[in-house]
Each structure stands twice: as structure tokens, then as C-alpha cells.
Amino acid sequence: AYVVYLPQSGEMSVDLTGAAGTFHVEWIHPVEGTVAKAAAVSGGDPRGFKSPFEHDGVLYLRKQP
């Protein structure tokens, strides 16, 4: 699993080059606890992500079984 904190709204990249498989993608608002699901991504390459929140966000990537 990967957990990445984004201190402001925007975009970021996560290097999944060494991670094979498919990952569930969720954004969590750290203050409100709101969860926004996004489309799954495949490992093996760097991937870009855009926060759905106007402020802080936490990206949670969990490998599918």
C-alpha cells in the first residue's frame, strides 16, 4: 500500500515502477474524513494523480488481491 499526503490541492506523481499489479485508488480528506474513490491504476510505471479536494488530501493506493 502507498499513502501520500498532498498539503494543497493539485496534482502529483507516484512512482509505481517497482510495484506490479493493480491498485485501488482513494482520496481521503484529512479533516472531514470524506472518501472519494477513483479508477484503479496499474503498477509498473510512474502514475499521475489529481486531488478532488480544494485543500489538503491523502492519496491511498491499495494493491488488489
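Guide: Let's begin with charge: Lys and Arg count as positive and Asp and Glu as negative, while His and the chain ends are not counted. Each charge is placed at NZ of Lys, CZ of Arg, CG of Asp or CD of Glu. This is a predicted model, in which local features need pLDDT of at least 70 and side-chain atom pairs count only at pLDDT 80 or more, while totals for chains, interfaces and linings use all residues. Residues are numbered from 1 along each chain as its sequence is written, and side-chain values use heavy atoms, leaving out hydrogens and water.

Visitor: How many Å apart are the mean positions of the positive and negative charges here?

Guide: For the 5 positive and 7 negative charges of the protein chain, the mean positions are 10 Å apart.

Visitor: And which elements does the protein chain have?

Guide: Helices (H or I, at least four residues) and strands (E, at least two) are DSSP runs, numbered from the N terminus. In this chain there are zero helices and six strands, giving the order β-β-β-β-β-β from the N terminus on. The radius of gyration is 11 Å, close to the 11 Å that the globule rule gives for 65 residues, so the chain is as compact as a globular protein of that length. That radius is taken over C-alpha atoms, and the globule rule is 2.2 Å times the number of residues to the power 0.38.

Visitor: What share of the contacts between residues at least 6 apart in sequence join residues at least 24 apart?

Guide: A contact means heavy atoms within 4.5 Å. Of the contacts you describe, 70% join residues at least 24 apart.

Visitor: Now, how many salt bridges does the rule give?

Guide: Side chains of opposite charge can pair when their charged atoms come close. The rule asks for a side-chain nitrogen of Lys or Arg within 4 Å of a carboxyl oxygen of Asp or Glu. By that rule there are two salt bridges. One joins Glu26 and Lys37, with the closest N and O atoms 3.6 Å apart. Glu26 sits in strand β3 (residues 22-28) and Lys37 in strand β4 (residues 35-42), so this pair ties together parts that are 11 residues apart in sequence.

Visitor: Are Glu26 and Lys37 buried or exposed?

Guide: Buried means under 20% relative accessible area, exposed over 50%, and partly exposed in between (1.4 Å probe, protein chains only). Glu26 is buried at 15%, whereas Lys37 is exposed at 68%.

Visitor: Which residue pairs with Asp45?

Guide: Asp45 forms a salt bridge with Arg47, their closest N and O atoms being 3.9 Å apart. Asp45 is partly exposed at 41%, and Arg47 is partly exposed at 25%.
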